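User: I am new to this structure. Please take me through its features one at a time, with the general idea before each case.

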Amino acid sequence: MISRLRGTVLEKDLEDATIDVGGVGYRVNFSTLSLGKLPMDGQPVDVRVRTVVREDAFELFGFLTKGEEEVFLLLNSVSRVGPRLALMVLSGMEVPELVTALARGEVARLAKIHGVGKKTAERLVLELKDKVKTIHLEAVSRGTVAAAPVGAHADLVSALLNLGYKQPQAEKAADLASERLGADANFQALFREALKALRSGG
């Protein structure tokens, strides 16, 4: 099974990126947050990968850190949570925030993530509350927990720049998204709204 890819970013879409490794293009699914942090097209990249094989599909799911991959595996272990839903959960919060929300049993906060809902949020907390506490403590001891983000607006602008948009376009789209959804909206919702604004010309 493929567990790691080191190559060049060929192109990025809303949910995946194609990575060229020795002339072979691998389509890899990423969370919205990780996709926004990938290098620009043509730049080198090194990502962790989990291979999911089903009767009708062979899919790759990519991660920028070991912590993200570990949380993905935990999410995917929850009943009725497949790899794509696990990726949607990771798209809604940075890994340290997600681990904290699960450990504290913050169902309402988790339910706000696009595609989750209250019942799934309750199931995530029920099955993972104690498990993520262990991962969180190990991550802290290894020093792998990311620093707190400087703000959703800055993260949003950075993600749009990484997709190839110019600074003025990214700034304007981020401002519009915040105005329409409110500054406290989660990153995934803001990101989608910003892309919608860019594609419609504002």
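**Reading the features**

User: How does Arg 109 count at 33% relative accessibility?

Analyst: Arg 109 counts as partly exposed at that value. The classes are buried (under 20% relative accessible area), exposed (over 50%) and partly exposed in between, with a 1.4 Å probe and protein chains only. Before going on, note that this is a predicted model, in which local features need pLDDT of at least 70 and side-chain atom pairs count only at pLDDT 80 or more, while totals for chains, interfaces and linings use all residues. Residues are numbered from 1 along each chain as its sequence is written, and side-chain values use heavy atoms, with hydrogens and water left out.

User: Which residue does Arg 109 meet in a salt bridge at 3.0 Å, N to O?

Analyst: Side chains of opposite charge can pair when their charged atoms come close. A salt bridge here is a side-chain nitrogen of Lys or Arg within 4 Å of a carboxyl oxygen of Asp or Glu. At 3.0 Å, the partner of Arg 109 is Glu 97. The pair links distant parts of the chain, with Arg 109 in helix H5 (residues 107-111) and Glu 97 in helix H4 (residues 95-103), twelve residues apart. Helices (H or I, at least four residues) and strands (E, at least two) are DSSP runs numbered from the N terminus. Glu 97 is partly exposed, at 30% relative accessible area.

User: Which residues are linked with Arg 109 in a network of salt bridges?

Analyst: The network links Arg 109 with Glu 97, Arg 104 and Glu 106. One of its pairs is Glu 106 with Arg 109, whose side chains meet at 3.1 Å, N to O. Glu 106 is partly exposed, with 22% relative accessibility.

User: How many salt bridges does the structure hold, and which residue pairs with Glu 69?

Analyst: The structure holds eleven salt bridges. Glu 69 pairs with Arg 48, and their closest N and O atoms are 2.6 Å apart. Glu 69 is buried, at 6% relative accessible area, whereas Arg 48 is partly exposed, at 24%.

User: With which side chain does the side chain of Ser 34 make a polar contact?

Analyst: A polar contact is a pair of N or O atoms within 3.5 Å; within protein, one must be able to donate a hydrogen and the other to accept it, and residues adjacent in sequence count only if both atoms are side-chain atoms. The side chain of Ser 34 makes such a contact with that of Glu 68, at 2.7 Å. Ser 34 sits in helix H1 (residues 32-37) and is buried, with 5% relative accessible area. Plain contact means heavy atoms within 4.5 Å. By that rule, leaving out residues up to four places away in sequence, Ser 34 touches Leu 64 and Glu 68.

User: Is Leu 75 buried or exposed, and which residues does it touch?

Analyst: Leu 75, in helix H2 (residues 66-76), is buried, with a relative accessible area of 0%. Not counting residues up to four places away in sequence, Leu 75 touches Val 81, Ala 86, Val 89, Leu 90, Leu 98, Leu 124 and Leu 128.

User: Which elements make up the secondary structure, and in what order do they run?

Analyst: The protein has nine helices and five strands. From the N terminus on, the order is β-β-β-α-β-β-α-α-α-α-α-α-α-α.

User: How does the radius of gyration agree with that of a compact globule?

Analyst: The radius of gyration is taken over C-alpha atoms, and the globule rule is 2.2 Å times the number of residues to the power 0.38. For 202 residues a compact globule would be near 17 Å, and the protein has 17 Å, which agrees. The C-alpha atoms fill a box of roughly 45 × 45 × 35 Å along the principal axes. Buried residues make up 43% of the 202 residues.
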